[in-house]
Amino acid sequence: MRSRSLLAMLAVAAAAALLGLLGAPAAAAAARPTAVVAMGDSAASGEGAGDYESGTRGEGGDWCHRSAHAYVRRTGLAAEAVNLACSGAAAADVAFGPGTHNTEGSQAQRLVDVAARYQVTTVVLQVGANDDAALTGTGIACIRAFLNPREPPCRGTLGPLVADRMGATAAKVERAVRDVQEAMRRAGYADGSYELVLASYASPVTERMVPVQGLQGCPYSKADAGWGRTALFPALSAALGGVAQRTGTRFLDMTRATEGFEACSRALNSQEWQRRITVDPQAFVHGGLDAAGYHLAQESFHPTAGAHAEMGRCVGDFVRSGAPAAACVAGADGRTHLEGTVLAPAA
């Protein structure tokens, strides 16, 4: 009888120890602060919003420009906001791989570490503009066409390439999305235990510009700007929406998130949500001579801090809505509102 009692006591002790071991990770996970994570390129890093984190202002070649005002910090979705996005990043810089961008490695690999330190509730990914979609290169081509009358309009030379470019971009973004999902699995998260949002881009340009826009920081034609607003950006959004469907990801259309507040759309640029051409001599302070050229004007045609505040609130509303897809649309009241369906820009 005493031996059976001893065995029973040992069994209970072993079970208690096992339950303690199993319960420890769960308790540790519950104790971790919650976090919302931003990944991708300049649209998510906060380029244009100012107040960039030390170490991302050009120091040592890191020009990621992560802003204290980036929309990830304005969602209200978690106790902490972690920004892994980096200005100029392509889909390959998000995906797993040995390469670096602006001195930084794979965002997916860093997400594994972040997801171990925090209880990640939401990941927002915004990427693709620097892949075959080539939004920066397209903008430069439109400016060149405006400044040189001998060059044809960019909408004519680049318009026929849009469909193929967006298809190629979608393939690369899809790989990045799947690597983000894999990163969360490696960190111990089950599929569906967190929210993953793929977002498109707010058009910084419009044909509804102030007079002599070329002298006011918007050196491109109204016709080319109209093509960008109603054709180019919606095409990229549609391609990203397709990626979201194929990967089981929620999709947020940001095409119209700054509509009516684009660069050169107002008499005062302080009332706009997208920067005009912006040259920042302070770039030399942190980046030295490396700032010369592109980095000196890298804030151009990016959302302001005010725009990020509105977009962040809309992202938060979208995640809390539970909808699989929706759009953030700027209203005449100066606020960005969540629309229940993805909308095409008004003609």
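Helices (H or I, at least four residues) and strands (E, at least two) are taken here as DSSP runs, numbered from the N terminus. The model is predicted: local features need pLDDT of at least 70, side-chain atom pairs count only at pLDDT 80 or more, and totals for chains, interfaces and linings use all residues. Residues are numbered from 1 along each chain as its sequence is written, and side-chain values use heavy atoms, with hydrogens and water left out.

The chain has 10 helices and 7 strands. Of its 347 residues, 50% count as buried, where buried means under 20% relative accessible area, exposed over 50% and partly exposed in between (1.4 Å probe, protein chains only). Among contacts (heavy atoms within 4.5 Å) with a separation of 6 or more, residues 24 or more positions apart account for 70%.

**Helix α10**

Helix α10 covers residues 305-321, and its end C-alpha atoms are 24 Å apart, in agreement with the 24 Å that its 17 residues should span at 1.5 Å a residue. The expected span is 1.5 Å times one less than the number of residues. Buried residues of α10 include His-308, Glu-310, Met-311 and Phe-318. Their cover includes the elements tabulated below.

| Element | Residues |
|---|---|
| α2 | 42-45 |
| β3 | 119-126 |
| β4 | 195-199 |
| β5 | 250-253 |
| β6 | 325-330 |
| β7 | 336-339 |

Just after α10, Gly-322 takes a positive phi of about 80 degrees.

**Helices α7 and α8**

Helix α7 (residues 162-186) packs against helix α8 (residues 222-247) at an angle of about 40 degrees, with the axes 9 Å apart. α7 is therefore oblique to α8; angles under 35 degrees count as roughly parallel, over 145 as roughly antiparallel, 65 to 115 as roughly perpendicular and the rest as oblique. Residues making the contact include Val-162, Met-166 and Val-173 of α7 and Trp-227, Leu-232 and Leu-236 of α8. By class, the contact has 12 nonpolar, 3 polar and 3 charged residues. Ala, Val, Leu, Ile, Met, Phe, Trp, Tyr, Cys and Pro count as nonpolar, Asp, Glu, Lys and Arg as charged, and the others, Gly among them, as polar.

**Two loop residues**

Arg-66 is in the loop between α2 and β2 (80-83). Arg-66 counts as buried because its relative accessibility is 7%. Leaving out residues up to four places away in sequence, Arg-66 touches residues including Asp-51, Glu-53, Glu-104 and Arg-110.

Phe-301 lies in the loop between α9 (283-287) and α10. Phe-301 and Gly-217 are 84 residues apart in sequence, with a C-alpha to C-alpha distance of 9.8 Å. Beyond its neighbours within four places in sequence, Phe-301 has contacts including Pro-204, Gly-217, Tyr-220 and Arg-275.

Terms used:
Axes fitted to C-alpha atoms, helices over the stretch in contact; angles between N-to-C directions.
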